[in-house]
Amino acid sequence: QADIKKGLPLVNKKVLVTAGPTHEAIDPVRFISNHSSGKMGFALADELASLGADVILIAGPTVQLSKYKSIRRIDVLSAADMLDACLAHFETSDACIMCAAVADYTPTIVANKKIKKNESYFNIELKKTTDILKTLGTQKRSGQVLVGFALETNNEEDNAIEKLRKKNLDLIVLNSLNDAGAGFKNDTNKVTLIDNALNKTVFELKSKTEVARDICVKVIDLINK
Ligand code: CTP
Ligand code: CA
């Protein structure tokens with residue numbers, strides 16, 4: 001195993017990747033979530049593993065499977081669970097790529113029995129989840145590389161740069177939902193990479209595997225800086 005990996009650019013590097021959506025429980029049978037398929041995060045984990053990295057993949061609920069047995073997968077459900085798993089592994093990681101579509105809000109109360117229908121209207125009170133990436137950004141040591149994603153529909157680059165700054169990131173992957181073929185369920189994606197020196201690279205629409213490769217090239221660059 002060690003011999004096979006020798007010479008690969010990410011050998012002896014531990015990289016944390018998050019993928020997929022989160023499920024925020026309302027009661028034992030219902031939850032709030034989003035359309036994330038997990039494909040991009042799993043493609044990243046596969047690509048990193050192929051480059052020799054020790055990959056910890058923290059996955060929200062998804063049907064995706066990894067190509068490599070060496071990838072250590074931790075399954076989580078909620079944003080709170082994902083936060084705990086990330087905090088347990090971030091300190092010892094060389095890089096973290098936060099690809100998951102973490103819920104921004106979660107119900108204030110989780111009913112322990114199935115909620116019966118009753119009135120014509122039903123309100124669910126929500127509270128903000130902890131911003132995992134921002135939390136990791138405050139804990140980042142020098143030499144650690146922190147990568148975030150930004151899903152935007154308008155004012156895209158400005159919003160992405162604001163997230164890069166606010167969350168203390170080294171790189172942000174701007175995911176444009178405006179391009180046909182980009183985003184959630186598709187096997188393709190169109191991204192722009194912006195680093196913290198504001199170097200910007202705009203990529204064509206390509207397969208998520210190829211997008212993962214582009215991101216890895218940049219991450220290797222940042223790790224070796
Ligand atoms: N993120 C996170 N924890 C959250 C919400 C988001 O770690 N509770 C991460 C995502 O994984 C992503 C980055 O923050 O890498 C940006 O997520 P995005 O939804 O684009 O931005 P938000 O900061 O949540 O802002 P908004 O949804 O209002 O645009
Ligand atoms: Ca969000």
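Mentor: Welcome! Helices (H or I, at least four residues) and strands (E, at least two) are DSSP runs numbered from the N terminus. This is a predicted model, where local features need pLDDT of at least 70 and side-chain atom pairs count only at pLDDT 80 or more, while totals for chains, interfaces and linings use all residues. Residues are numbered from 1 along each chain as its sequence is written, and chains are lettered from A and ligands numbered from 1 in the order in which they are written.

Trainee: Which element gives the largest share of the shell around ligand 1?

Mentor: The shell holds 14 residues (near means a C-beta atom, placed from the backbone, within 6 Å), and Met98, Val102, Ile132, Leu133 and Gly148 are the closest. Helix H4 (132-139) and strand E9 (145-152) each supply at least two of the shell residues. With four residues, the largest share comes from E9.

Trainee: How many residues of strand E4 (residues 54-59) are buried?

Mentor: Buried means 20 or more other C-beta atoms within 10 Å of the residue's own, with C-beta atoms placed from the backbone. In a regular strand, side chains alternate between the two faces of the sheet. Asp54, Ile56 and Ile58 are buried on one side of E4, and Val55, Leu57 and Ala59 on the other. Of the six residues in E4, the number buried is six.

Trainee: Which residue in E5 stands opposite isoleucine 58?

Mentor: Strands pair if DSSP finds at least two bridges between them. E4 runs parallel to strand E1 (residues 14-19), with six bridges, and threonine 18 has isoleucine 58 as its bridge partner in E4. Four bridges join E4 to strand E5 (residues 72-75), also parallel. There, opposite isoleucine 58, stands isoleucine 74.

Note on methods. Buried ≥ 20, exposed ≤ 12 C-beta atoms within 10 Å, placed from the backbone.
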